[in-house]
Amino acid sequence: MSKTYYNPADLRKFGNITEWSEELGNKFFEYYGKVFEEGALTAREKSLIALAVAHTEQCPYCIDAYTKDGLQRGITKEEMMEAVHVGAAIKSGATLVHGVQMMNKVNKLEM
Amino acid sequence: MSKKSLLARNNDLANTKRQIEVLSNGQFANGELPTFAKKIAATNQFPLRPKKLEILQINMGYMCNQVCAHCHVDAGPDRKEIMTKKTMQECLNVIKKTGAHTLDLTGGAPEMNPNFRWFVEEAAKLGINDFIVRSNLTIIRANKKFHDLPEFFKKHTIHVVSSMPHWTRGKTDKQRGDGVFDKSIQALQELNAVGYGIPGSDLKLDLVYNPSGAFLPGNQKALENDFKKALREEFNINFNSLFAITNLPISRFLDYLIASENYEDYMYALVEAYNPEAVKNVMCTNTLSVSWDGWLFDCDFNQMLNLKVASKVNHISVYNEKLLQNRNIIINQHCYGCTAGAGSSCQGVVA
Ligand code: SF4
Ligand code: SF4
């Protein structure tokens, strides 16, 4: 029995989620596959977006998966790190922009 | 990166039997993953059999000026096994009568064999006009005596196939050694200068990309576009096609996979990417591989695992095409590297 919440080997079992709800699982994977196909955005661009979001979601499976995906596409580590910074910038921006809410509240409450 | 071959380092995996053991055990022994034999049997492709022989791939020796981390040949400057003139003569005798139309010269660095040019010239005299040379590019810059190789290649309209792991210096040098990128760029420019890879020219220059690590190559066309764009914009280099090749889990790459604890995941990834369609075109179906000392193999990979052809005729000195073509190809789990994704489309690999 694994003693950690996350087990790298579980990523391989992702597909098994269809076993307990076949229709929904299959629909999800079909949608997922479609999303990452070449479209108005290139598959390469989508891979970098996925990597950034994987970090903001802090999903270790997605981070592993999209780091590998990036390497397979010949994406450099500099490009990957910049993508992570984009995610981080939005994350911190999203935190800081709420500072305005705090300021509003202070201004409202203070005499 | 080590500057020595596994053999010179007395590494356990220099023993090919040990490699076969690794490939046969673990996930494949406990049934977690299907063996390659089982997998191809599911689509009635077992046993794997040769089709029409088209290519003789001759390994001129394991000596090389580089010691790439992923090398499936375990080549390097410390490897002294190179083909003698006597064995070349035996190859020429076979070339006279074979149905194969293409001669594919590989190594190591085939150009380092002192009789390399002689051999090409003799084979050309016998009517071979379809030559492939797997050149690592840096050899052209390695020593003055190799500087005129582009001219020599041109003279015999040799199709040059060269590996280039990435269009950036960092990634290339990490896989192939410091300074390899700059020398490769220079060599490519020199090949372009004599007409190689130029649109409209009949001098073909293809590049082979293989991943520098424990991951599979991505979409070949997308990679080709990226390579073309980067090499043209930055260095004004042209080439014909890019082949994206999967690293097979043997020799130095196997050693790396095990040492970096990537072996298990890598084998999973290979099996997951298995494409039954690719089985039809694996290179062993139209190629025969000859080692530096004249033994015959289904492919260069089997050569490196010392898995000789399953035929009474297993040496170039007793060559008999009809008997040879009536054989089963020897397979093992490393074959999953040939059937991952779109498969290896360049009729073989550049080491
Ligand atoms: S991969 Fe090619 S160039 Fe590198 S060491 Fe092996 S034979 Fe030499
Ligand atoms: S490794 Fe050799 S024998 Fe196995 S499928 Fe590839 S070419 Fe054929």
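Helix α3 of chain B covers residues 85-97, with helices (H or I, at least four residues) and strands (E, at least two) taken as DSSP runs numbered from the N terminus. Its 13 residues reach 19 Å from first C-alpha to last, close to the 18 Å expected at 1.5 Å a residue; the expected span is 1.5 Å times one less than the number of residues. The model is a predicted one, where local features need pLDDT of at least 70 and side-chain atom pairs count only at pLDDT 80 or more, while totals for chains, interfaces and linings use all residues. Residues are numbered from 1 along each chain as its sequence is written, chains are lettered from A and ligands numbered from 1 in the order in which they are written, and side-chain values use heavy atoms, with hydrogens and water left out.

Back in α3(B), the buried residues are T87(B), M88(B), E90(B), C91(B), L92(B), V94(B) and I95(B). Buried here means under 20% relative accessible area, exposed over 50%, and partly exposed in between (1.4 Å probe, protein chains only). The cover over these residues includes β1 (55-59), β2 (102-106), α4 (116-125) and β7 (287-290) of chain B, contact being heavy atoms within 4.5 Å.

Further along, D255(B) sits in helix α10 (residues 251-259) of chain B. D255(B) is buried but goes without a salt bridge, as the nearest side chain of opposite charge, R9(B), is 4.2 Å away. A salt bridge takes a side-chain nitrogen of Lys or Arg within 4 Å of a carboxyl oxygen of Asp or Glu; Lys and Arg count as positive, Asp and Glu as negative, and His and the chain ends are not counted. Setting aside residues up to four places away in sequence, D255(B) touches L6(B), R9(B), N11(B) and L13(B).

Y266(B) belongs to helix α11 (residues 263-272) of chain B and counts as buried because its relative accessibility is 2%. Beyond its neighbours within four places in sequence, Y266(B) has contacts that include F215(B), N247(B) and F253(B). Its C-alpha lies 10.0 Å from that of G337(B), 71 residues apart along the chain.

N328(B), in the segment after α14 (321-325) of chain B, is partly exposed, with a relative accessible area of 35%.

As for ligand 2, the residues around it include L248(B), F301(B), N302(B) and H334(B), each with a heavy atom within 4 Å. By class, this shell has 10 nonpolar, 2 polar and no charged residues. Nonpolar covers Ala, Val, Leu, Ile, Met, Phe, Trp, Tyr, Cys and Pro, charged covers Asp, Glu, Lys and Arg, and the others, Gly among them, are polar.
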